Structures are given as structure tokens and as C-alpha cells.
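Biologist: I want to learn how to read a helix and its packing. Where do we start?

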Amino acid sequence: MNLNRTFGVAAVIIATLSVSACGHMSNRDRNTAIGAGVGALGGAVLTDGSTLGTLGGAALGGIIGHQTSR
């Protein structure tokens with residue numbers, strides 16, 4: 001595991017945990033944030049830490065998380 005990938009995964013996990021601590025978020029907002037975090041982690045893993053893969057995964061995960069709340 002290279003240093004960039006390790007840093008990226010750690011940053012995504014920290015961001016996800018810090019966002020999940022927001023108690024005032026609606027279910028839709030929470031699902032969007034969780035989806036973005038999981039998508040970013042998945043994108044980073046699948047593309048070996050590529051920035052584009054991580055951002056694409058975050059965007060796709062956020063959209064899916066947002067839509068599941070309907």
C-alpha cells in the first residue's frame with residue numbers, strides 16, 4: 001500500500017466519521033454524506049488511490065445516498 005493511498009483512505013474515513021457526528025442533519029443529508037464517504041473509499045480502492053477515481057466515487061456515492069432517501 002503506497003503512502004498516497006493510505007493517506008487518501010485515512011482522510012476519507014476521518015471525514016466520514018466527522019460528518020456522522022452532526023446530529024442536526026436530516027436523514028437525506030446523512031445518507032448523502034455516508035454515500036459520498038463510502039463512494040470515495042470505494043473509488044480510491046478500485047483505482048489505487050487515483051484522485052479522479054476517489055472524487056468520482058464520492059460524487060456517485062453521494063448521488064446514490066441522496067436518492068435512497070426518497
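Modeller: With length. The expected span of a helix is 1.5 Å times one less than its number of residues. Helices here are DSSP runs (H or I, at least four residues), numbered from the N terminus. The model is predicted: local features need pLDDT of at least 70, side-chain atom pairs count only at pLDDT 80 or more, and totals for chains, interfaces and linings use all residues. Residues are numbered from 1 along each chain as its sequence is written, and side-chain values use heavy atoms, without hydrogens and water.

Biologist: What span should the 20 residues of α2 have?

Modeller: They should span 28 Å, and the end C-alpha atoms of α2 are 28 Å apart, so the two agree.

Biologist: How do α2 and α3 cross?

Modeller: Axes are lines fitted to C-alpha atoms over the stretch in contact, with angles from 0 to 180 degrees between N-to-C directions. The axes of α2 (residues 27-46) and α3 (residues 51-67) come within 6 Å and cross at roughly 150°. Therefore α2 is roughly antiparallel to α3 (over 145 degrees).

Biologist: Which residues make the contact?

Modeller: Contact means heavy atoms within 4.5 Å. Among them are G35, G39 and G43 of α2, and G57, G61 and G65 of α3.

Biologist: Is G39 buried or exposed?

Modeller: Buried means under 20% relative accessible area, exposed over 50% (1.4 Å probe, protein chains only). G39 is at 14% relative accessibility, so it counts as buried. Not counting residues up to four places away in sequence, G39 touches G57, A58 and G61. The C-alpha atoms of G39 and G62 are separated by 7.2 Å.

Definitions and conventions
Helix = DSSP H or I, 4+ residues; strand = E, 2+ residues; numbered from the N terminus. Parallel < 35°, antiparallel > 145°, perpendicular 65-115°, else oblique.
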